[in-house]
Amino acid sequence: MISQGAIRVQPAARFLGPGGKARFSAEVTEAPDKTFFWSVRESGGGTISEQGEYTAPTAAGTYHVTATGRSDPSLKGEATVTVSSLLPKGIACNTSPRRPYLAWVSSQSAVIAWRCNPGGTVRWGLGEERSEALTDRTVQDQHFALLSDLTPETTYSYEVAIDGERFGPVATFTTAPAQGSETSFIAFADSGTGSVHQKRLAEVMKSRSFDFALIAGDVIYDKGADTEYDRGYFQPYAGLIDHLPFFPVPGNHDIVTDGGKPFKQNFYLPRGNFYYDFFWGETHVIGLDSNKVADLAQKRWLETALKAPARWKIVYFHHPAFSSAEYGDTPSVQSQWVPLFEQYGVDLVFNGHAHGYERTVPINGVTYVVTGGGGAALSGGAE
Ligand SMILES: [Fe+2]
């Protein structure tokens, strides 16, 4: 039999938990064989899982990992993987840890998130004086600490400690202004592939000054699974999300796994819904879930939100109202939401789904931008 295909081995996460476990995964391309024999030099063979994931007890160091097709041993993938502990000595998480990140910012509050089981203590304050503290000791993986009573347009520093050891570096954030109509932000979509393009864009973002970022869906390819979040989000944006708020809404890929449950676990959604809004000074920003355009509760909420007075009104969601690319317009958005945008004076709408850039002239006062070049393959291979 002539085999066509390949097995690519890559580290799914480089971490060490309390038992010293590192996880590897394999990706099958055009191969009929979806189960593997694994071997990890220095720590022996391991069990095979249907998902192609392998968890090996190991210590920090460099490992040679091989995956071989079960029914076709000529299919082989191998990689050298460096496993390092993300945790300072003394911290043990019973789960794959994620360093603290800024999950929400408003003019009076911020949410610091991290992943470790059990939790820890976040300290924050003005300058280097972190006199306020919140402790979350719940035995769960994901933690969101809401810092409240903050002052608008003020820079705070924060840190998270677990068992007395600092988890991640000290970082800063600046609260939103309460007034003023000037802001600068970045909007993109269709990003979360872990591609070199996504990483390059992240580097460009680091070189620019902006207040916040909007992600108009398809934040995590391919299935919005929790195991895809490190590659598609936390690693590419590591030097950004510790100090700048990113506001994502789901695209079609983000809800493939459990209807988007991992999205709700990893991102702070202030009302528990996939749609929400916030003010940045006198700019009102509204994020919607265009996987559910027919949801009347969402439409009612949208209309109420749009009635709030604002100097600028910006709306973003995944499926474009107007697009000349391969997917074309989204008729349901045109019939359900566009009349509200026009009635209540929305200035700008950002979408993705089509992997390119388009901007309309104002249509009944509303300008629509497709900005789906966040990292996935550009149009021609849109997803
Ligand atoms: Fe999409």
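Tutor: Two strands count as paired if DSSP finds at least two bridges between them, and strands (E, at least two residues) and helices (H or I, at least four) are DSSP runs numbered from the N terminus. The model is predicted, so local features need pLDDT of at least 70 and side-chain atom pairs count only at pLDDT 80 or more, while totals for chains, interfaces and linings use all residues. Residues are numbered from 1 along each chain as its sequence is written.

Student: How many bridges join strand β9 to β12, and in which sense do they run?

Tutor: Six bridges join β9 (residues 110-115) to β12, and the two run antiparallel; alanine 110, for instance, has leucine 147 in β12 as its bridge partner.

Student: Where do β8 and β12 stand in the sheet?

Tutor: The open sheet has three strands in the order β8-β9-β12, with antiparallel pairing. Because β8 (98-105) and β12 (142-147) stand at the edges with a single partner strand each, one side of each is left without a neighbour in the sheet.

Student: Which residues touch the most other members of the largest nonpolar core?

Tutor: Such a core is a set of buried Ala, Val, Leu, Ile, Met, Phe, Trp, Tyr and Cys residues joined through C-beta atoms within 7 Å, where buried means that 20 or more other C-beta atoms, placed from the backbone, lie within 10 Å of a residue's own. Of its 69 residues, those touching the most other members are Leu102, Ala110, Ile112, Ala216, Val315, Tyr316 and Val349. The core lies between domain 2 (98-174) and domain 3 (185-371), because both give residues to it; these bounds come from an automatic or database domain assignment.

How values were computed: Buried ≥ 20, exposed ≤ 12 C-beta atoms within 10 Å, placed from the backbone.
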